[in-house]
Amino acid sequence: MAWIEGRAADEREALDAAARLLSESRLTVLTGAAADVETVRALLQLGEIVGGIVDHDGFEATSSMLSALREAGIMLGAPAEMRRRADRWLLVGADPFAGAENLRDWLFERDGPDLGRGAGRAREVLHLGGAGAFELAEHQIGDGLAQLRAGLNGRRHRDAPLSDARVEEAAAFLDGAAFGCVVFAPSAFDALDVELLCGLVEDLNRRTRFACLPVQGGAGGAFAAAQVATWRTGFPLRTAFGRGFPEFEPVLNAAARRVASGEATLALHVGGSASFEPDWSGRLPVIRIGGDGDWTNPPRIAFAPDGAPGGRVVWEPRFAGFVAEERGADGTAGILAALAERLGSVMA
Amino acid sequence: MSALTFTLRAEPDQRLDLSILTPSHLAGLGEAEIAALPIGTTRELRTVGEVFAVAMGDLGEIRFVGGSERFDRIGEGLASGAILVEGAVGSRVGRLMSGGRIEVRGHAGLHAGSAMSGGFLRIEGDAGDFLGGPLAGEMAGMTGGTLHVRGSVGKRAGDRIRRGTIVVGGNAGADAGSRMVAGTLIVKGRAGATPGRLMRRGTIVAGGGAERVGATFLDNGVHDPLIFRLMARAFAAGPLGEPVLDGAPMRRLGGDTAALGLGELFVPA
Amino acid sequence: MSATILKNGRVVDPASGRDSIGDVAVVDGRIAERAPAGAEVVDCTGLVVMAGGIDIHSHIAGGHVNTARLLLPESHRAFAARPKATALSRTGWTTEETGTGYARMGFTTVVEPAMGPSAALHAHLELADIPIIDKATLVVLGNDDMLLSMIRDGASAGMIEDYVAWTASATKALGVKCINAGGSAAFKDNARAFSLDDEVPSYGVTSRQIVKTLQRAVDALGVPHPLHVHCNNLGVPGRSVSAVLDTMRAAEGVPMHLAHIQFYGYGAAGSRGFSSEAQALAEMVNARPEITVDIGQVMFGPTVTVSSDELLQFAGRATASLKKFVIVDGDANGGGVVPINYRQANFHNALQWAIGLELFLMIEDPMRVFFTTDHPNGAPFTSYPDLFALLMSRDLRARWLEALPKAVREETRLAELTREYSLSEIATMTRAAPALLLGLPERGRLSAGAVADVSVYRPGADLAAMFGRAAYVFKDGTLVVQDGEIVARPRGRTLSLAPRQDKAMGARLDRFYEESYGLPARWFAVPDGAVADGEQRFEAVAWTR
């Protein structure tokens, strides 16, 4: 199914019209909620052909972790390994498993680790920023982490928001882990918080073993898209192709920013199940592919692709990697590829 | 001889990469060649001549008449000479400059003076986030020179700087002086929350105090104002050409002990 | 039918004992005895014609490689005011640049040597995006709970073979590798050093037992490529050379490949506690015909180390060139990404460079020593042309040596090594030998019936220029490179062992992954159709040596 300015149209006609818009647009932003590998590949390919900017609705939610990774580094643990091996867990933030409750239930399915030197111990959890002895307001968590890191390294710190006794208690708890795991949701923190947390984990590894387990929650699609973009372009999205080579700018290349400034002349939005209407949808012509529900500002051209036969490859949080699903291809990649093919002849 | 002058014809329809308009890149080029240089960043090519009226002149002094928030990368890598912008600039003005002088008579965007190693950059208006700081993934911000913003600046001013001096006349956003390795950041106005997060060494002065100071900064007591009078004099005599501090006593906080902890943050006593 | 005849070139094809002026005919993607009338003629007068190059060990795809890209965005040209052409920035990072970069040098088959089973699909997704060249992977075993438990519990050889075969098939691998066998598992139990006869704490199984078990299984199964071994104690002066010598002795007459041995050629003698053990290593290799090695040459400049040797990468972070690194505690594996800058003026780095060349020159049989930089660990693959030139010219080596610290010139025997590789030896090391080592009889040669992957070089005084920009490259008979530029970018294939999975082992692994990890076993496999274009991407290789 396809629509041109709200009128039901033949898919081929809509593809022609969309290709025309794309070929005439000076700066197209390509964004949305692409989450499976084929769709992301097709979006990147189209972005390169039209010299546009490729972004993702979930970029911000994953950016603090990607930023800390590239500026300080990180020690990561695979969830399945943490599930078997970690005896002491530090949960950071009010709800590190928000939007990922299944992951939490699966990680904590058993009473404790069955692998490695912690095997047979009961699992123990310290929740920094959650209800209980280490409850902190959201804005205090960074301070709490800083106190903890200073305390672990024998450096002084003030006695608030955590009391000195609490800091000592937490440090002893962490140091006593056979294998410890620090869980946090990158979307809840800024890059400096995550960098601090990564430093804390590195420090803990001087004496025992520790790893971070970032929970992407609803941003899993963006993280998957960032991975694909990275192998294809060298950069994790927010990348411009206008000059024929990829240019990464994590702030200026936000689709919303380019629309707000009036630079973008067209937007192409692909929607997964998590799709929502961008607040800029009324400000420029939009080609919308897939996604649920009607928008307040109807797109210039819309496609509701028929589900394609076959499977798709998505990021799986329990696996911290790509897995193949036997079904679920939604046809978006096919529409994007058809556009790329049309533009290949128009713009060659 | 008068300055080589680029007069903006109209607000550009896209961000421009103006890094090519420095003396070292333009040396030996004639007017027609300069006018043909590509500066657009979208697939619709824009050349210098389409965006600017060019008046040839002394390469040692480059002048932009009219500015825009879309003027990116002005004076990038400048080694010598002077650049004057009569208007606003976009991101990365003076990035990686090692010498010379850039003056912006308007506001600046992100990453002004990013990783500059020498020279003097002055912004008459406000500046955006990451003043003097590194780009994504880079391990060092400013390593030398002087950066002066008369207005206010965004968050994380002076991020990861290793040497050099930044003076902000107005206020600073959150996390000023984040991850400083050394060097000096002076904010005459008020600093946002948690200045100096993860700083290892270096000096931050928040003349109007800070919204909130992190738990890993420790009070070292009120500091002798003599040092501030000396610093004020040094600024007046240096490239800044004006005193910065009023010599009032200040309270010294040492931190960030979550990192190395050898930095200092001064707030009013 | 498409046909091409490469006329009148110097055909250097050691696999068929040929080094003479002549023609090479290509018909429908294969080398033919003769070309039919009307075949397109490519005049190769004055040019050198070889089979397409094969790289047996280059980290080009997978989770850790992508993490390295995430870690180092600043290596891109867009970040610099006036881009400095470092080897790393020239290499680029993308799948596209990997394929085109190799093709320009006349390499047509490249093996990614470190694919963890849990990252197999990721690796194959990336490989599918690398254009032009053919690819293959080695699957990593030896730190996985399943194998270590089986060894501890005394599982039968047949059971272990079934497990190895199932994993290699499921992950669409061409061979099997072990990386610091047991080392990552030991590090997870907080061991900070680990040697061949050390036990993995929670299993009571030694690294030696793991290596021997895998070697036997790979041999018994008839995997064409012998077990590919990354030894313990990589880079540790003194202990590294013991590790590699002990491991070679442990081969006991059964084929074994030892990876990037340059990183093990380190003694602890001298005032700096760092010395060359290249001679001892070379003598051992020369004396043991069951051993093959690749070098992992270091070349100067900034690069990044990407390795599944988690324990050593964690230790190596102390000498990182940038204060950032990523360490991963994976399931059944681990790994790390650490930036490094090999500096010519640095005694340690310069001696590493010299040790690699000593090994190349002292190991006598070019059929048993392979050309690698362990890309990007020793240097990015774009430094290959310079390295070829160094191997072929003692004068060039002498000039490089002069630029090194005096203490290095005193420590290395490089100046007295007069050997210069011939073109035929280069072709042996990069064509004939890898094809044999990997079990790819239709590659690495120009005899009739072979895959028509052909590279043509223009000889000249500048050997690096000759190898850096091939005059012509044909992939499956299609012209893909001309004068060093890409003229076509067909999709290559991924070479993998033919499926061979025991049903009972499949059922057992279903239970194991479900009960131990709470994950379906199929996630550790690359299902048909999951990679773009599905099966046509893969080419099956027989399980026969």
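These legends accompany close-up views of a predicted model.

**View 1. Helices H6 and H18 of chain C pack against each other.** H6(C) covers residues 157-170, and H18(C) covers residues 503-517. Their axes are 9 Å apart and meet at an angle of about 80°. H6(C) is therefore roughly perpendicular to H18(C).

**View 2. Residues at the contact of H6(C) with H18(C).** On the H6(C) side are Asp162(C), Tyr163(C) and Trp166(C). They meet Met505(C), Gly506(C) and Leu509(C) of H18(C). By type, the residues of this contact divide into 4 nonpolar, 1 polar and 1 charged.

**View 3. Chain B is assigned two domains, domain 1 and domain 2.** The domain assignment places residues 1-65 in domain 1 and residues 71-268 in domain 2. Between the C-alpha centres of these domains of chain B the distance is 30 Å.

**View 4. Domain 1 of chain B in contact with domain 2 of chain B.** Domain 1 contributes 15 residues to this contact, and domain 2 contributes 18 residues. On the domain 1 side, the elements that give two or more residues are strand S2 (16-17), helix H1 (23-26) and strand S4 (58-65) of chain B. S4(B) gives the most to that side, with 7 residues. The residues on the side of domain 1 that touches domain 2 comprise 7 nonpolar, 4 polar and 4 charged.

Methods
Residues are numbered from 1 along each chain as its sequence is written. Chains are lettered from A and ligands numbered from 1 in the order in which they are written. This is a predicted model: local features need pLDDT of at least 70, side-chain atom pairs count only at pLDDT 80 or more; totals for chains, interfaces and linings use all residues. Axes are lines fitted to C-alpha atoms, for helices over the stretch in contact, and angles run from 0 to 180 degrees between N-to-C directions. Helices (H or I, at least four residues) and strands (E, at least two) are DSSP runs, numbered from the N terminus. Angles under 35 degrees count as roughly parallel, over 145 as roughly antiparallel, 65 to 115 as roughly perpendicular and the rest as oblique. Two residues are in contact if their C-beta atoms, placed from the backbone, lie within 7 Å. Ala, Val, Leu, Ile, Met, Phe, Trp, Tyr, Cys and Pro count as nonpolar, Asp, Glu, Lys and Arg as charged, and the others, Gly among them, as polar. Domain bounds come from an automatic or database domain assignment.
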